[in-house]
Amino acid sequence: MTFDTIIRNGRWFDGTGGPSSIQHLGLREGRVAEISPRPLEEAGCDRVVDATGQWVIPGMVDIHTHYDIEVLDGPALVESLRHGVTTVLLGSCSLSTVHVGPTEAGDLFGRVEAIPRRHVIDAVQEHRTWTTAHEYAAALESLPLGPNLAAFIGHSDVRTAVMGLDRATRTDVRPSGAELARMEEMLTEALDAGFVGMSAQQLMFDKLDGEVCRSRTLPSTYATARERRRLNAILRRRRRVLQGGPDITSPRSVLAMVFSTLGVVRKPLRTSLLSAADIKANPALVHIMGPWARALNALGGDFRWQHLPVPFEVYADGIDLVIFEEFGSGAAALHLADAVERNALLQDEDYRRRFRKDYDNRFGLRVWHRDFFDAEIVDCPDDSVVGHTFGQVGEQRGVHPVDAFLDMVVEHGTKVRWRTTISNHRPELLEKLARDPGVQLGFSDAGAHLRNMAFYNFGLRLLRRVHEAEQAGRPFMSLEHAVHRLTGELADWYGLDAGHLRQGDRADLVVIDPTRLDASLDDYAESPVAQFDRLPRMVNRNDRTVTAVLVGGQHVFGAGRPDPVLGHRRAGSFLRAGEPR
């Protein structure tokens with residue numbers, strides 16, 4: 001018996017959480033053909049990967065990305081692939097490009113996801129050949145994909161296509177009966193095409209780009225309760241997923257989305273909400289998330305929080321960061337696209353008074369801690385401030401931290417670069433969330449916020465933490481369970497043929513050198529995005545950690561280098577929810 005590829009002598013994890021062991025894997029025609037404790041015959045085999053001393057795990061699943069634009073011009077999606085992610089989900093946060101046209105896509109994605117609007121418009125304009133969800137899936141599968149793709153249909157996408165962006169974002173407009181019926185048809189057609197479900201959004205600081213509807217919140221936030229119930233009813237019947245982002249400042253929004261999972265006299269709604277996080281601004285909140293999920297599931301729901309299992313560290317160029325959208329004065333600055341107009345506003349004393357008031361307001365739920373003493377300057381034309389916080393600069397200059405920040409933004413614009421950690425800063429609580437069954441691991445936001453964050457290797461960083469705890473004699477989770485949480489658990493819940501590495505399974509796998517799960521995983525680098533005019537993107541570079549990545553049995557990445565076929569020959573597929581393995 002001959003194989004296309006053999007993975008020799010590695011510690012094999014099957015993605016179920018079962019025991020790992022030293023095995024030899026034979027791959028043929030994109031599937032795992034044999035798993036054996038004894039060496040396999042290598043004669044006639046095109047590729048043999050020596051995994052001695054290394055781990056062989058199923059390819060990881062990233063459940064929350066915004067690759068919807070990048071995949072059109074760069075379908076290899078190398079920044080996720082190089083870190084062992086072999087399946088990514090598109091269409092998060094109510095945003096997808098299934099139905100909207102180029103300009104509407106630019107308005108939806110540009111400001112919310114910090115992807116340059118003109119590049120969104122250009123990409124959709126050039127590549128859009130589809131008008132239905134079936135055609136969209138076929139168009140994606142015709143690309144030379146690196147990883148596998150699965151997708152949500154975005155509620156804002158559907159609502160905009162049916163009502164038009166202006167009507168879809170007005171509080172005095174409700175969809176007609178015919179428009180609601182058309183939204184239901186679009187959702188049903190997407191589920192028929194294999195989409196995993198629908199993403200919706202109620203978060204009020206996600207704002208539109210463009211000119212016509214600039215600074216309005218996303219169309220999904222304007223949906224009536226009746227509209228949401230009708231769409232959710234379809235998801236319930238089909239056992240598909242609602243991915244949601246509630247408005248954290250509104251108890252009504254949070255409760256409505258959370259309790260929608262329950263199925264006392266109806267089928268439960270499979271619900272994944274953003275997000276379980278140890279937020280600096282609300283340190284007690286994290287302690288109720290696990291019990292809340294367990295209570296909902298005990299009452300018959302099917303509920304999960306999404307969780308990024310690493311510290312949520314963000315970078316910003318000047319004031320260009322989404323966290324400023326959550327309060328009025330910050331949103332007012334981001335509303336102004338013209339630098340001259342924005343600088344005039346930032347220098348206005350009345351405006352600064354508003355900003356200081358917003359900054360000093362510590363009441364209510366919020367995402368940003370609003371502490372410029374916890375905001376370190378990492379680059380600036382004025383070298384004397386690098387390494388200091390804006391709060392420290394304010395003390396040195398005898399001004400309020402807000403004035404120190406705004407003065408530097410006015411003087412240096414986007415050339416002043418700084419960083420802060422918003423959440424997930426306490427290791428003991430990260431460990432608690434990582435093993436909580438009501439929490440799903442993911443939420444990398446890959447493909448978005450290109451200048452602000454890089455969590456492409458979040459899975460490797462979790463495995464490092466588990467491995468180091470085990471070596472230190474204080475394990476909080478077995479390696480087998482950690483691999484399961486990043487792979488098979490997610491694929492099974494979303495109904496995808498991925499995440500497992502047993503005989504007959506898809507040959508999506510990663511070979512990891514555990515001795516290289518080191519500090520390099522925490523480093524950030526920059527790499528230009530060719531299709532975005534070489535915009536420097538924050539990335540992770542730990543190229544000695546992952547020694548081989550295979551998708552559908554094809555070698556696509558290894559030792560920091562893409563295979564020559566990557567981006568030229570399709571490796572991944574569009575995975576349809578509910579298809580039999």
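The accessible surface of the protein chain comes to about 21200 Å², and 50% of that belongs to carbon and sulfur atoms. Areas here come from the Shrake-Rupley method with a 1.4 Å probe, and for residues only the protein chains shown count as cover.

Before I go on, some conventions. This is a predicted model, so local features need pLDDT of at least 70 and side-chain atom pairs count only at pLDDT 80 or more, while totals for chains, interfaces and linings use all residues. Residues are numbered from 1 along each chain as its sequence is written, and side-chain values use heavy atoms, with hydrogens and water left out.

Now the overall picture. The protein chain has 20 helices and 22 strands; these are DSSP runs, H or I of at least four residues for helices and E of at least two for strands, numbered from the N terminus. The C-alpha trace spans about 80 × 60 × 50 Å along its principal axes. For 581 residues, a compact globule would have a radius of gyration near 25 Å, and the 24 Å of the protein chain agrees with that. The radius is taken over C-alpha atoms, and the globule rule is 2.2 Å times the number of residues to the power 0.38.

Of the 581 residues, 62% count as buried. Buried means under 20% relative accessible area, exposed means over 50%, and partly exposed is in between, with a 1.4 Å probe and protein chains only. As for contacts, meaning heavy atoms within 4.5 Å, take those between residues at least 6 apart in sequence: 75% of them join residues at least 24 apart.

In α15, residues 390-397, the residues Phe390, Gly391, Val393 and Gly394 are buried. Seen down the axis, the buried residues of α15 fall within an arc of 160°, so they line one face of the helix. The arc is that of the directions from the helix axis to the C-beta atoms. As a reminder, an α-helix has 3.6 residues a turn, so residues three or four places apart point the same way. What does the buried set of α15 pack against? The partners are β14 (376-379), α16 (401-412) and β15 (417-423). On the other side of α15, Glu395 and Gln396 are exposed. Gly398 follows α15 and has a positive phi, near 70°.

Two residues other than glycine also have positive phi. Cys93, with phi of about 60°, sits in the loop between β7 (85-90) and α3 (102-109) and is buried at 6% relative accessible area. Phe443, with phi near 65°, belongs to the loop between β16 (439-441) and α18 (458-471) and is buried at 14%.

There is also a cis peptide bond, from Leu274 to Ser275, with omega near -20°. Ser275 is in the loop between β11 (270-274) and α11 (286-298). Which residues does Met289 touch, not counting those up to four places away in sequence? They are Ser275, Ala276, Ala277 and Trp305. Met289 itself is in helix α11 and is buried, at 6% relative accessibility. Its C-alpha atom is separated by 7.8 Å from that of Trp305, 16 residues apart along the chain.

Last, Glu325. This residue is in the loop between β13 (312-317) and α12 (328-335). Is Glu325 buried or exposed? Glu325 is buried, with a relative accessible area of 5%. Leaving aside neighbours within four places in sequence, Glu325 is in contact with Arg111, Phe205, Lys207, Ala331 and Leu334.
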